Amino acid sequence: MNAISPIRRPMNVRLATPRGFCAGVDRAIQIVERAIEKFGAPVYVRHEIVHNKHVVERLKVMGAVFVKELDECPDDRPVVFSAHGVPKSVPAAAGARQMLYLDATCPLVSKVHVEAERHHAAGRHILLIGHAGHPEVVGTMGQLPDGAITLVETVEDAQAVQRPGDAPLAYATQTTLSMDDTAEILSVLKARFPELPDPHKEDICYATTNRQEAVKGLADGSDLVLVVGSPNSSNSVRLVEVALRAGAEDARLVDDASQVDWSWFDGVSTVGITAGASAPEPLIQALIAAIRERFDVTMIDDPGERETVTFKLPRVLA
């Protein structure tokens, strides 16, 4: 049922607050844009600046060149490190080549890096709760020598992980995780290693927390929840999981309106819409417009946390 019906039945559309861009994502994108304005194209970007294909394609048109590793960049052009953070070896290599580099790491990710270094300096072994291979996890583990951090991905990992020798333990978390999943893993770790500090949510960033709380509200009373975001966006994928766990009958991740299968709307009278922290607002509005083409829409703005956080740009771009 992907064709537009001539008869438009009623549809309630609930819009989450907050949704979409967070301060860290906004800052990272601005760094690339300003670098292109100041230094001209091309500006190289190591990895996707944020995990959203529409953002990446727009920046490519402006003059950004996205690469996987630093050795793909010439010495005489600026390079930007992504919002997810990088291992210490990356800026060290850029410095050795006398490259102009701009670090777009989210300040809240940098805060986790600082905490990890503090624990290491105090002689603690760190248990990092996160997803293997995610750029943020790679960057955090790359702040310290090999073996200083053990990755814990699941409850089963938490049940099996072993203390290295008699080292005291500390923990850190990837900033984009599900709060509920993280709490479950931490409860297992705390039961096994009582000296671990009490669970805290500071590592999971305010934007992730706020968007997960908002989607829980959407799930209550929505027949379908649509999350706008790319499939490699950890926080977007988590929003789908949180919505289903919170009671949504169905929840789907879509990069944009073109990915909607309109048969999902069969039997649906209320759809909830939100977006991951790296998804631009125009994608959300385009999705709403596509729903309006097919249904007689009543818009409902869900109340939620109003975000006022901003992060400064690097001084060289100010």
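Is Leu127 buried or exposed? Leu127 is buried, with a relative accessible area of 1%. Buried here stands for under 20% relative accessible area, exposed for over 50%, and partly exposed for what falls in between, using a 1.4 Å probe and protein chains only.

Before going on, the ground rules. This is a predicted model, in which local features need pLDDT of at least 70 and side-chain atom pairs count only at pLDDT 80 or more, while totals for chains, interfaces and linings use all residues. Residues are numbered from 1 along each chain as its sequence is written, and side-chain values use heavy atoms, with hydrogens and water left out.

Back to the residue. Leu127 sits in strand 6. Strands (E, at least two residues) and helices (H or I, at least four) are DSSP runs, numbered from the N terminus. What does Leu127 touch, leaving aside its neighbours within four places in sequence? Leu127 is in contact with Thr150, Val152, Val161, Leu169, Ala170, Tyr171, Ala172, Leu189 and Phe193, contact being heavy atoms within 4.5 Å. Asp157 is 30 residues from Leu127 in sequence, and the two C-alpha atoms are 11 Å apart in space.

Now the strand itself. Strand 6 is largely enclosed by the rest of the structure, because 5 of its 5 residues are buried. Both of its faces are covered: His125, Leu127 and Ile129 are buried on one side, and Ile126 and Leu128 on the other.

Next, the sheet around it. Three strands form an open sheet with parallel pairing, in the order 7-6-8; two strands pair if DSSP finds at least two bridges between them. Strand 7 (149–152) and strand 8 (169–173) are the edges, each with a single partner strand, so one side of each has no neighbour in the sheet. On average, neighbouring strands of this sheet are turned by 25 degrees against each other, direction ignored. For angles, axes are lines fitted to C-alpha atoms, for helices over the stretch in contact, and values run from 0 to 180 degrees between N-to-C directions.

Strand 6 (residues 125–129) is joined to strand 8 by 5 bridges, the two running parallel. On that side, Leu127 has Tyr171 as its bridge partner, and His125 stands opposite Leu169. Towards strand 7 there are 4 bridges, again parallel, and Ile129 stands opposite Val152.

Two helices to point out here. Helix 7 lies across strand 6, strand 7 and strand 8, at about 150 degrees to strand 6. Helix 7 is also among the elements that cover the buried residues of helix 8, along with strand 1 (10–15), strand 9 (224–228), helix 9 (234–245) and strand 11 (270–275).

That brings us to helix 8. Why call helix 8 largely enclosed by the rest of the structure? Because 10 of its 14 residues are buried, including Arg211, Gln212 and Leu218. Helix 8 (residues 206–219) reaches 20 Å from its first C-alpha to its last, close to the 20 Å expected; the expected span is 1.5 Å times one less than the number of residues. Just after helix 8, Gly221 takes a positive phi of about 105 degrees.

Five strands form an open sheet in the order 10-9-11-1-12, with parallel pairing. Strand 10 (251–254) and strand 12 (296–301) stand at its edges with a single partner strand each, so one side of each is left without a neighbour in the sheet. Strand 1 and strand 11 pair in parallel over 4 bridges, and Leu15 stands opposite Ile273 in strand 11. Helix 9 lies across strand 9, strand 10 and strand 11, at about 165 degrees to strand 10. Helix 10 (residues 281–294) lies across strand 1, strand 9, strand 11 and strand 12, at about 160 degrees to strand 11.

How many cavities of 30 Å³ or more does a search of the whole structure find? The search finds 3. A cavity is a set of points on a 1 Å grid over the protein atoms alone where a 1.4 Å probe fits but cannot get out, and lining residues have an atom within 4 Å of a point.

Definitions and conventions
On a 1 Å grid over the protein atoms alone, a cavity is a set of points where a 1.4 Å probe fits but cannot get out, and a pocket is an open set with protein on both sides within 12 Å along at least five of seven lines; lining residues have an atom within 4 Å of a point. Grid points are joined across faces, edges and corners, and a volume is the space filled by probe spheres set on the points.
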